[in-house]
Amino acid sequence: MRALAVPLGLALTASLGFLSPAATAAPQDAEAAAASADGPLLSYVVNTTPDHATVGKVEKAIARAGGKVVVAHENIGVIVVHSANPQFAASLRAVPGVASAGATRTAPLKASGTTDVGKPQKVNLPKSQLAAAGRTAKAKGEEPLEPLQWDLPAIKADRAAKVNPGSRKVTVAVIDTGVDDTHPDLKPNFSAKQSANCVGGVADTSKGAWRPWDPASDYHGTHVAGTIAAARNGVGVAGVAPGVKVSAIKVSEPETSLFYAESVVCAFVFAADHGVQVTNNSYYVDPWMFNCKDDADQAAIVDAVGRAASYAQRKGVLNVAAAGNSDLDLAAPKLPDASSPNDSTPVERTINPKTCWDVPTQLPGTVTVAATGVHKLKSGYSNYGLGQIDVAAPGGDSRQVPDLPAKNGNILSTMPGGDWAYLAGTSMATPHVAGVAALLKSAHPKSSPQEIQWLLKEQADNPGCPTGDTTCTGTQHVNSHFGYGIVDALDAVKK
């Protein structure tokens, strides 16, 4: 399963890159390499010094090496390129000013992955019971389906909404499979001006470009959006921060739903340049579950996405990401990966988490989220690890069953087409944290991303390690299952 992890306490960085510049002694001019075009048409990222003159020179070298520039993010020095020259990346690595260059995929481009568990489960209560629940909810001032949302009281989000539902000046961007902004629970809080389709690396802001390719299969982003900011409008469910705005930045490929580096780079830059305060990242960058820095292609992916995420942080954006669903101890000295590359033929490998990074989750400054169930225990699928998890939040667990009327241990939220369904995963935990971060930003509008992260950790409630569970290590305050603890929405708006 697609997994995400980040070391605990990594400070925000103002660095533009994560790799040392390529050696330039006796460089091989790109023109010297035959710019053949007999290989598969692939997408590349070329990372260079972020100034106009250097980028211009590198673009000329790209052309000589048989590449076509798709977009140049000059302010962070990341250039997205298409090329059918099998030697393209090797040629560019020898060009002065190029820090790294590599393919972002292992399969050819087509004409045109997420961290949830299982298939959506529609609300299947008998109509009479559902109607009764709705009447009870209305009498209590709740949303019709809110009695089925055990996750809101689990982090005190229902009580927080009565104090401060969040500010309209705060926007959470859902970097995902797209969002159905026509859903009645999402339409009141949706920000079209801060939404785009970034697939391929160039932002398309035309009306509706941010919506799912196929509503039947690309429901992930819409579900995430509802957990963050479904409006309290007398319809369906409620979000953790029902007063903030939510936007959609679509990065998943049509048909495959893969998240490639060029699209994610575009998303972070777009969010930063359009006034977003929080991004939700419930995925890892394909095709590698872990990007190893001793591989030139994978190192270039870390560099490119790292530059974009760092740029967003410098512009005031807090990035929140899922820890993954493989029940892995991310603090182990080595980990298995039999799913990469997932766009061609996977190969079994053993990786070192210290040098092989999960992107964007393991990038500096990112908040890493583990999943819990209704009984405040780690969800069975959730990754964990001492020093790897920042905070935890409800992600659902079918083995932890809530009391009536909920009965379903997973997370209920919005679906394309005006529907609602249950899902589980660290994908579902992450938007709870993004929502609480949005409440913190609403209450502390001048706080930096790092300060918001500190508040998330300081206010979190840690249940401590379960008795007899040897996978949980650490202390009552910081441990491998919950990091600093389960986030607290009420503290976010009161403290």
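The protein contains eleven helices and 18 strands (DSSP runs numbered from the N terminus, helices being H or I of at least four residues and strands E of at least two). The model is predicted, so local features need pLDDT of at least 70 and side-chain atom pairs count only at pLDDT 80 or more, whereas totals for chains, interfaces and linings use all residues. Residues are numbered from 1 along each chain as its sequence is written, and side-chain values use heavy atoms, with hydrogens and water left out.

Of the 495 residues, 59% are buried (under 20% relative accessible area, 1.4 Å probe, protein chains only).

Helices H7 (residues 261–273) and H8 (residues 296–314) pack at an angle of about 10 degrees, with axes 8 Å apart (lines fitted to C-alpha atoms over the stretch in contact, with angles from 0 to 180 degrees between N-to-C directions). The two helices are therefore roughly parallel, a term applied to angles under 35 degrees. Residues of H7 including Phe-268 and Asp-273 meet residues of H8 including Ile-301 and Tyr-311 (contact: heavy atoms within 4.5 Å).

Terms used:
Buried means under 20% relative accessible area, exposed over 50%, partly exposed in between (1.4 Å probe, protein chains only). Angles under 35 degrees count as roughly parallel, over 145 as roughly antiparallel, 65 to 115 as roughly perpendicular and the rest as oblique.
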